[in-house]
Amino acid sequence: MRRRQAGWFLAVAALSLFLQPLGAQEVSKRKGFEIAITSPVSGDFVFGRSEILAEVKAAEPSLVEKVEFYVDDKLVFIDKEPPYSCVYDFGSEPRSYVLKAKAYHREGVTVTATSITRKVILNYQVSVNRVVLFATAQDSDHRFILDLKKEDFRVEEDDKPQEILDFYLEQRPVILCLLLDSSGSMQGRMDKVHLAADKFVEALAAEDQAMVIDFDEKVFLLQDFTRDSKLLKEAIDSTIAEGGTALYDALYAAYRRLKDHQGRKAIVILSDGEDTNSKFSYQRVLEAAKTNEVLIYSIGLGISMLDMTSHSVLKELAEETGGRAFFPSKAEDLEEVYQQIAQELRSQYYITYSPTNEDWNGKWRKIRLSAPKKKDIELRARKGYYAVRRSLAPAPPATR
Amino acid sequence: MRKSLPFRKVAPVLVVALLIPSSPLFAVKALEARNIAFKLQGEAMKLYKEGSYRKAIELLRQVTNLSLNSFLAYYYLGLCLSADRQYSEALEPLKTALELEPGHIQAHIALGDVYLKLGDASEARAEYLRALYSQDSYAPAHDGLGRVYEAQGDDDRAIQEYQKALQINVAFPDAYANLGELYLRRGRLDDAIALFLKAIQVKPDFALGYSRLGIAYSREGLVNQAIASISHGKEIAPQDPLPYLSLGEIFLDTGDLDRAESEIEAALARDPAESEGWLLKARYLMARQDLNGALKALADGLASEIRDPGGRHALEKAQDSYQATASRIAALTSGIAAAPDKPEPYLDLAALLCDAGALEKAVEPARRAVELSPDPSTRLRLAYYLLKAQQSAEAATILQELAASGSAPALLNLGVAQASLGQDEAATATYRKYLENYPKDPLPHLYLGNSLFRLGREKEARTSYQSYLDLASGDEKTGKVRRLLQLLEKQGGTP
């Protein structure tokens, strides 16, 4: 007992030593002097040689002595002149870096800005230095052109021509994610949606696999991947219109479900309006579209050019991935739209090339696909990829 | 407005279904998805709170397979997986939860904790900092940063962060415990004890605090207090294996092997995936001179469901070390078989067995070495192994002969042997005789102090302890002696 009392005495004495006042906090803003990291901002992902940019505001700019740049507490550069920036090699995989920029005022004070980048797993398949493209060609009457040859195509990456290595008409099965908007605004149209989507499922090849995701303000998986069209149709037909619209959440969920599958993957999304309930931002979904090798076919039911946000979102997502956006004005047109998508999935070319630029610096590279000798032809393929070398399994052999 | 309860959707839909006879058959599936997800999520959260993590994980996996944007389902799935030490599996659900609620501070902390468990201090730090950017005075984030810096070997920054956490929240038991743990590791026993006491003061049912306090007490040599503290922790959390392990370790250190075994088995019965339990079992079996048993315990541990990479690594490391010992023993044994008349391999084998904790087994080869070569140096080593194996009477006989012929180490060890036989008067005389020739050697002063203390001669004991402190360099042992001196002064010299 006496020993215990001694212990308590020690505790009191020791704790008074432990609880020292906190040290001076780092601040990004003082009177007439502030700093911000403008690139990359928190939540961005970085890799390769990338620039860190800091903006310093001072009542008297000439009194800014220097800006120190830190990556994970390590001083990497001191810049004494605006614009304050430094280039740092973040390696090949985007991970969380704590970036700090500390500006010194000649009068002795400092301000510090911090930005924390994000860890991202890039899923775009540059397998063994090979870029894969799924390309669609249509004539001026929107008929699919299926007799093009390797020589007809020209692939450019960042405006530099690339040699096509693999080329064939894709006949391997597709892995599909069917997203159905069942928000309240779809009321009265669901029967037609069911009918059109059912027919789409019927039109799939026997080896194709599909899943059904139903979304209003919540996102539910009604049917996981299956080749059984009966199950798919049951899931489709069970959807009921009610609630808000979490379009981006649904898209992101589809990416999550697709990421563990190999092969040609596509998302077919039907929606009739603007996202009202998502927790994911559009930027995050667009980023997912750019970093995943998934074709997006978007159907904006009743969405016109006047619905600027919805229209541009669905269009951009489709175009970035090499898919296509449709904007039928009425539910009666859905059947035809779905049939076009089914047909397009059976009318794609598989093209690969090995990039001449071997600097895997993580930057976005633009891809341009053309058929210079063919007139009145529309070509669609993804718009680019992040130059990250990945050691994935090589693409499976062509069926012919 | 966001729909909070999926069943709100059910009632109007059922009405519609009754009015339109063609739709209810098909409407069931979408409705079922919503109802099932809602029901399972509720059950899973209840199971989580009860600590039934594996059952909760099963249900939450079903929920996340149905309801693809439910923050709660992903968040709790991550928490349950982490609590079940499935750290790699916990990453994805927690990341998804944070995608759904980027500003959720507790989810950042949970993800940071998982990264730290997986050994990725950079990502862990980023998560704790993200939490701090959401709320700049958030004690668990500072506590997390403390753990990150500690893992990176930067104790000074770790201490600063723990202190910040405690400045923000003076009733934050984890930060007291973590800072206490750091001090315990650095041998600052008083500070560690003070912090553990504070932790259990602010949270009287903090079982971990009692366990760690017990360990700190045991390091101080206060075994009874240690056992009392840990036993209290055991009463608070009878299903928690940690107090059992702590007690097992103390009993192992004090040579009470039967009680050590009982506690270790109790810990493993509560959590067979606790790597520390298997490590301790191996140590216990070594103390029982059973190297094969120790190796089997480690193999059993590795074959169990341990998912914590750090825990697996520790088991693998121990296995390597024990296997190396087994190989060396095999090599020495075959060397002895090839040349049975050389004393050196016997002595090497004795040293190896002693280092491995097989103290009684170490005596046998040492005895054989003496038979082959009864020189003073070999006999001194036999006496040392006998002392370690608590066969003090035989050790004392050998040491007496060696000391009589002028061996100083034998004289000092003779004092130790006499003391362990309860002959403190004789030991006191032996230590004094040794100190006549080696007055600057600190340890004999300490041993002399201990014997005098046991004889109730506190004043003389204090003088010897003071001499020890004057001569010894500062370490955990000097700290203990200093505290003992302070205690003696406070308590008027009563032991």
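**Exercise 1. Is the crossing of α24(B) and α25(B) left-handed or right-handed?**

*Conventions.* This is a predicted model, in which local features need pLDDT of at least 70, side-chain atom pairs count only at pLDDT 80 or more, and totals for chains, interfaces and linings use all residues. Residues are numbered from 1 along each chain as its sequence is written, chains are lettered from A and ligands numbered from 1 in the order in which they are written, and side-chain values use heavy atoms, with hydrogens and water left out.

*Solution.* 
1. Two packed helices are described by the angle between their axes and the distance between the axes.
2. The axes of α24 (residues 424–437) and α25 (residues 442–454), both of chain B, come within 9 Å and cross at roughly 155°. Helices here are DSSP runs of H or I with at least four residues, and strands are runs of E with at least two. Axes are lines fitted to C-alpha atoms, for helices over the stretch in contact, with angles from 0 to 180 degrees between N-to-C directions.
3. α24(B) is therefore roughly antiparallel to α25(B), a term for angles over 145 degrees.
4. The crossing of α24(B) and α25(B) is left-handed: the near helix is turned anticlockwise from the far one by less than a right angle.

**Exercise 2. Describe the surroundings of B:Ser373.**

*Solution.* 
1. B:Ser373 lies in the loop between α20 (359–372) and α21 (376–388) of chain B.
2. Its relative accessibility is 18%, so B:Ser373 counts as buried (buried is under 20% relative accessible area, exposed over 50%, partly exposed in between, with a 1.4 Å probe and protein chains only).
3. Its side chain makes a polar contact of 2.4 Å with the side chain of B:Asp375. Such a contact is a pair of N or O atoms within 3.5 Å; within protein, one must be able to donate a hydrogen and the other to accept it, and residues adjacent in sequence count only if both atoms are side-chain atoms.
4. Beyond neighbours within four places in sequence, B:Ser373 is in contact with B:Pro343 and B:Thr378, contact meaning heavy atoms within 4.5 Å.

Conventions:
Parallel < 35°, antiparallel > 145°, perpendicular 65-115°, else oblique.
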